[in-house]
Amino acid sequence: ENQMDALPDSIREKVQNHPCYSEDAHHYFARMHVAVAPACNIQCHYCNRKYDCANESRPGVVSELLTPDQAVKKTMAVAATIPQMTVLGIAGPGDPLANPERTFETFRRLSEEAPDIKLCVSTNGLALPDAVEELSKHNIDHVTITINCVDPEIGAKIYPWIYWNNRRIKGKKGAKILIDQQQKGLEMLIAKGILVKVNSVMIPGVNDQHLAEVSRVVKSKGAFLHNVMPLIAEAEHGTFYGVMGQRGPTHDELQDLQDACSGDMNMMRHCRQCRADAVGLLGEDRGDEFTLDKIEEME
Ligand code: SF4
Ligand code: SF4
């Protein structure tokens, strides 16, 4: 993507072989996700807990939950079958950093047993500052933070509560803690030289007018890419903020916002919102070839 030409060389090199970040690379390099992280530490109004975390994944999909050991086996089996396999991500089904033991054991083992595979992780950011040190010890050069707002007023309309220090904190107060943690985590990652992509879910009437500001703020702190994803409102999701029929943005609204942000920021335009257990080149999903029972048969 031409916008990438504007990035500093050090970042551009990292990005070039990454199927999610480079329009060209996504034809030649494969990625996979493993779903090892069941719990979450916040509530987003757009989340349906029956399904994978909507911050990175396609809504309405349930992924097969794996133990770290199963995730490592699966990764090895995929890498042996798909030679282009270069990136492994943990993106759900809950928040990876709300499941630190499971997430870090998976990363620890993979950075030892498959050192050529790049690792990435996505998070809502609440537990991020506490995780940065551990993340920096593994082969992780990409972290995705979902940042839907930088204003607690708006945040309170998106997040009914967070779970923080063993307590549920509601409304603006909870949203402010989440926002502060996201921004602090972002700054800490940048200071460690870890690439940060920011995802935002565009919710018409809630944060659509605010996301250009989010884009400016995260860019000024060093995020290298902004991925504005449409809220995919499904009948199954039922309500949002107690309002029946919250709609997602139209294609044109999404594109207008991406255009408005792109003057300042590299915008990601080919994220497919893959499932939390996606396998293969972008745009294909070979996950069905690598279900647990099939992997156990391969052994
Ligand atoms: Fe759901 Fe993900 Fe939000 Fe947690 S962070 S509530 S799993 S969408
Ligand atoms: Fe890449 Fe987006 Fe798929 Fe994640 S969800 S693997 S960022 S295309």
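**Close-up views of a predicted model**

**View 1. The shell around ligand 1.** The shell residues around ligand 1 comprise 7 nonpolar, 4 polar and 1 charged. Here Ala, Val, Leu, Ile, Met, Phe, Trp, Tyr, Cys and Pro count as nonpolar, Asp, Glu, Lys and Arg as charged, and the others, Gly among them, as polar. Among the residues surrounding ligand 1 are Cys40, Cys44, Cys47, Cys53 and Arg49. A residue is near the ligand if one of its heavy atoms lies within 4 Å of it.

The model is predicted: local features need pLDDT of at least 70, side-chain atom pairs count only at pLDDT 80 or more, and totals for chains, interfaces and linings use all residues. Residues are numbered from 1 along each chain as its sequence is written, chains are lettered from A and ligands numbered from 1 in the order in which they are written, and side-chain values use heavy atoms, with hydrogens and water left out.

**View 2. Strand E1 (residues 30-34).** 5 of the 5 residues of E1 are buried, so the strand is largely enclosed by the rest of the structure. Buried means under 20% relative accessible area (1.4 Å probe, protein chains only). Strands (E, at least two residues) and helices (H or I, at least four) are DSSP runs, numbered from the N terminus. Ala30, Met32 and Val34 point one way; Arg31 and His33 point the other.

**View 3. Partners of E1.** E1 runs parallel to strand E3 (residues 85-90), joined by 5 bridges. Strands pair if DSSP finds at least two bridges between them. Met32 has Leu88 of E3 as its bridge partner. Strand E12 (residues 279-281) pairs with E1 in the antiparallel sense over 3 bridges. There, Ala30 partners Leu281.

Terms used
Buried means under 20% relative accessible area, exposed over 50%, partly exposed in between (1.4 Å probe, protein chains only).
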